[in-house]
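User: I have this one open on my screen. Can you walk me through it?

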Amino acid sequence: MKTRKTGSEPISPARRKPAPLPHSRNQPSASRKTWYFNTKDWLAHLSQLTGLDYYEQHRVFGHKSGALIGSLDGYLACIGLGRSDNGRNTAVRLVLRYGKSDDTARIEQCINLAKGHFKTIKVSATSVVATRIYVFRKPTPESVAEDLTRLITILKSIVHPLNGRCEECHRTEPNITLVNRVPRHLCESCKNQLRQQLGVAAAEYAGIKSNLPRGIFYGTGVAVIGAVGWCVLASTLNRIFVYVAVAIGLLVGKAVIMGIGKVSLSARLLTGTLTLASVFLGDVFFYTFDLMRVTSGTSGAGLSFGQAFQSILGNLGTVMADNGGVASIIFALVGAGFIVVKMRTPKFEPVFESVAPNQTKP
Ligand SMILES: [Zn+2]
């Protein structure tokens, strides 16, 4: 079978129905022993086994190899390679979509009986999302296809297929659209409705009155707490960690957004500044306590906190230069930079990607 790599058409449209599955476990199969170093070959083979089309351009699960997308017995199915939910492991990821059902508890119960090698299962009223973690060696396409066939079979007994109809209004809509990377049957009018709903949500968000003074108040409070934490850690462990600066950034960011009411440019700048200030203040506290300890050790009547604090502030440049303060500056910048980049205005605009319809090969 020849493969095509043009435009938005399926790369390796396998036209076979998933009829011959599942294989008997005792049946000898050459590909069971195959190591698939090439992810695209793995997906192409799975495409042939399942009848789902392979689209390299649709990175549904974030992996550059793309994904298999199509309809199986009226249910929408999408399989690809990606990461586990926590992002730590490589995994085969699967999404199955069906007609809306209220009985998610029963679906979950049945799916758990049929999930095979898939471990993490998330069930909603319209979809099942499953993940199969693997280390180094991908599972054989045959075993994934077997699990898929079993899952589709169980779905048939508990939920309605979509049968190429719009998920919202049930008009005939055989085309598949990725809505923010989720494969769906959605007609043009329902797509427009979704755009409008999200447009209203975006307008509402833009209309939220921001409260900068409250953001400054909340953010400063958390920044001071963060500074104390930084100082305590530095004093007890005698080390500083970049993660602590990042954690301070996250907490300050949360407080600032809670205070201001929404993410805005001023919220981001304020958070970045307060994160930097928090780490610096933490360092100043650390040096202050250190100076108090040293002076009380030598003369017996040491400096008070206020005196030591003033003395450190007056000579901060020299103190930091003498005590490896560069690391603190770098960590503070990393923490502040991290949170400023991470804080984004929520996206309301849905991203639609058309999945080219199946075309019968000549
Ligand atoms: Zn519709």
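Analyst: One term to begin with: two strands pair if DSSP finds at least two bridges between them. Helices (H or I, at least four residues) and strands (E, at least two) are DSSP runs, numbered from the N terminus. This is a predicted model: local features need pLDDT of at least 70, side-chain atom pairs count only at pLDDT 80 or more, and totals for chains, interfaces and linings use all residues. Residues are numbered from 1 along each chain as its sequence is written.

User: How many helices and strands are there in the protein?

Analyst: The protein has 10 helices and nine strands.

User: And what share of the residues counts as buried?

Analyst: 34% of the 362 residues count as buried. A residue is buried if 20 or more other C-beta atoms lie within 10 Å of its own, exposed if 12 or fewer, and partly exposed in between, with C-beta atoms placed from the backbone.

User: Start with the six strands. What is their order in the sheet?

Analyst: The order is β1-β2-β3-β4-β6-β5, in an open sheet with antiparallel pairing. β1 (53-55) and β5 stand at the edges with a single partner strand each, so one side of each has no neighbour in the sheet. From one strand to the next the twist averages 20°.

User: How many bridges join β2 to β3?

Analyst: Six bridges join β2 (residues 67-72) to β3 (residues 75-83), again antiparallel. Opposite Ser-71 stands Leu-76 in β3.

User: Which strands do α2 and α3 lie across?

Analyst: Helix α2 (residues 104-114) lies across β5 and β6, at about 155° to β5. Helix α3 (residues 141-158) lies across β2, β3 and β4 (90-97), at about 145° to β3. For these angles, axes are lines fitted to C-alpha atoms, for helices over the stretch in contact, and angles run from 0 to 180 degrees between N-to-C directions. Two residues are in contact if their C-beta atoms, placed from the backbone, lie within 7 Å.

User: Now the three strands. What is the order there?

Analyst: β8-β7-β9, an open sheet with antiparallel pairing. β8 (182-184) and β9 (352-355) are the edge strands, each pairing on one side only. The twist here averages 30° from one strand to the next.

User: What holds β7 to β9?

Analyst: Four bridges join β7 (residues 176-179) to β9, with the strands antiparallel. Leu-178 has Glu-353 as its bridge partner in β9, and Ile-176 stands opposite Val-355.

User: And on the β8 side, how many bridges?

Analyst: Three bridges join β7 to β8, which also run antiparallel. Val-179 has Val-182 of β8 as its bridge partner. The hairpin of these two strands has two residues between them, and Asn-180 there takes a positive phi near 45°.

User: Switching to helices. At what angle do α5 and α6 pack?

Analyst: At about 160°, with the axes 7 Å apart; α6 covers residues 242-260. That makes α5 roughly antiparallel to α6 (the term applies to angles over 145 degrees).

User: What is the contact made of?

Analyst: Its residues divide into 15 nonpolar, five polar and one charged. Ala, Val, Leu, Ile, Met, Phe, Trp, Tyr, Cys and Pro count as nonpolar, Asp, Glu, Lys and Arg as charged, and the others, Gly among them, as polar. Those from α5 include Phe-217, Tyr-218 and Trp-230, and those from α6 include Ile-248, Leu-251 and Met-258.

User: Last one: Ser-210. Where does it lie?

Analyst: Ser-210 lies in the loop between α4 (188-207) and α5 (212-237).

User: Is Ser-210 buried or partly exposed?

Analyst: Partly exposed, because Ser-210 has 15 C-beta neighbours inside 10 Å.

User: What does Ser-210 contact?

Analyst: Leaving aside neighbours within four places in sequence, Ser-210 is in contact with Ile-260, Gly-261, Lys-262 and Ser-264. Ser-210 and Ile-257 are 47 residues apart in sequence, with their C-alpha atoms 9.4 Å apart in space.

Key:
Angles under 35 degrees count as roughly parallel, over 145 as roughly antiparallel, 65 to 115 as roughly perpendicular and the rest as oblique.
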